[in-house]
Amino acid sequence: MKRIALLLLLALPLTVFTSCEGDPGPPGPPGLDGTSLLGTVFEVNANFNASNEFRNFFSYPSTLQVFDSDVVLVYLLEETTPEGLDVWSLCPQTFFTPNGTLVYNFDYTAVDVSIYLYADFNLNLAGPEFTQNQILRVAVVPADFGENIDIFDMEAVMDALNVSTDSIERLELD
């Protein structure tokens, strides 16, 4: 008798916790159209001159939504080594020239980025090595990712965002 009671006691949870299946419920509301919530990196070739007041504005790619909590970083291509490796420096970046101090800096909003030159001398005196065909990379880093990234290392940022060099979009500035 004890064995039968024990078997019934063991079988009771199995019957209680066995799930039933019914008709599926109604479908949920449709989601938003896909915009990228992940960070991205893109590249620009900028020229700085008096006609653009030594400043370049550009909007983010249309597939990217930038939130107020996101961080935007701009890197300047300083040189390419003899081995073909690119050397990227996080802006603001300061150079000491014969004319004085020159700084590449930037600011951003949720819709655009502005990269500009600042100097303690007349910027018309800055040579073409500082003003023409400057390659810059812009990294948009979601706030959640930013805590554990070494932002001074362009490769670390790209790795964290899972971006490869061949997938970087190049934007053309007006």
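This is a predicted model: local features need pLDDT of at least 70, side-chain atom pairs count only at pLDDT 80 or more; totals for chains, interfaces and linings use all residues.

Colleague: Does T131 count as buried or exposed?

Modeller: The general idea is to compare relative accessibility with a cut-off: a residue under 20% counts as buried. T131 counts as buried because its relative accessibility is 5%.

Colleague: Which residues is T131 in contact with, leaving aside its neighbours within four places in sequence?

Modeller: With those neighbours set aside, T131 is in contact with A46, N47, F48, F54, Y104, L117 and A126. There is also a polar contact of 3.3 Å between the side chains of T131 and Q132.

Colleague: How should I describe the protein as a whole?

Modeller: One starts with the secondary structure: the protein has 3 helices and 9 strands. Along the sequence they follow the pattern α-β-β-β-β-β-β-β-α-β-α-β. Of its 174 residues, 36% count as buried. The accessible surface comes to about 11700 Å², and carbon and sulfur atoms account for 56% of that area.

Colleague: What share of the contacts with a separation of 6 or more comes from residues 24 or more positions apart?

Modeller: Such residues account for 63% of those contacts in the protein.

Colleague: How does one read a nonpolar core?

Modeller: In soluble globular proteins, nonpolar side chains tend to be buried together. Here the largest nonpolar core has 28 residues, and Y104, I115 and L136 have the most contacts inside it. At least two residues of this core come from each of β1 (40-46), β3 (71-80), β6 (100-108), β7 (112-119) and β8 (134-141). The strand that gives the most is β7, with 4 residues.

Colleague: What is I115 in contact with, beyond its neighbours within four places in sequence?

Modeller: I115 is in contact with V44, F48, F54, R55, N56, F58, V74, N105, F106 and L136.

Colleague: How many residues of β8 are buried, and what follows from that?

Modeller: In a regular strand the side chains alternate between the two faces of the sheet. One therefore examines each face in turn. In β8, Q134, L136, V138 and V140 are buried on one side, and I135, R137, A139 and V141 are buried on the other, so both faces are covered. Because 8 of the 8 residues of β8 are buried, the strand is largely enclosed by the rest of the structure.

Colleague: Which strands run antiparallel to β8?

Modeller: β1 and β8 run antiparallel and are joined by 7 bridges. In this pairing, F42 stands opposite V138 in β8. β3 and β8 also run antiparallel, with 6 bridges joining them. Here Y75 stands opposite R137 in β8.

Colleague: How many salt bridges does the structure hold, and where are they?

Modeller: The structure holds 2 salt bridges. One is formed by R137 with E43, whose closest N and O atoms are 2.8 Å apart. Since R137 lies in strand β8 and E43 in strand β1, the pair ties together parts that are 94 residues apart in sequence. Both R137 and E43 are buried.

The other is formed by R55 with D107, with the closest N and O atoms 3.6 Å apart. R55 lies in strand β2, residues 55-59, and D107 in strand β6, so this pair ties together parts that are 52 residues apart in sequence. R55 counts as partly exposed because its relative accessibility is 25%. D107 likewise counts as partly exposed, at 36% relative accessibility.

Colleague: Is N56 buried or exposed, and what does its side chain reach?

Modeller: N56 lies in strand β2. N56 is buried, with a relative accessible area of 5%. The side chain of N56 reaches the backbone oxygen of N47 at 3.1 Å.

Colleague: Is F96 buried or exposed?

Modeller: The cut-off for an exposed residue is over 50% relative accessible area. F96, found in strand β5 (residues 93-97), is exposed because its relative accessible area is 68%. Distance in sequence and distance in space may also be read side by side: F96 and A119 are 23 residues apart in sequence and 9.7 Å apart in space, C-alpha to C-alpha.

Technical notes. Residues are numbered from 1 along each chain as its sequence is written. Side-chain values use heavy atoms; hydrogens and water are left out. Buried means under 20% relative accessible area, exposed over 50%, partly exposed in between (1.4 Å probe, protein chains only). A polar contact is a pair of N or O atoms within 3.5 Å; within protein, one must be able to donate a hydrogen and the other to accept it, and residues adjacent in sequence count only if both atoms are side-chain atoms. Contact means heavy atoms within 4.5 Å. A nonpolar core is a set of buried Ala, Val, Leu, Ile, Met, Phe, Trp, Tyr and Cys residues joined through side-chain atoms within 4.5 Å. Accessible areas come from the Shrake-Rupley method with a 1.4 Å probe; for residues, only the protein chains shown count as cover. A salt bridge is a side-chain nitrogen of Lys or Arg within 4 Å of a carboxyl oxygen of Asp or Glu. Two strands pair if DSSP finds at least two bridges between them.
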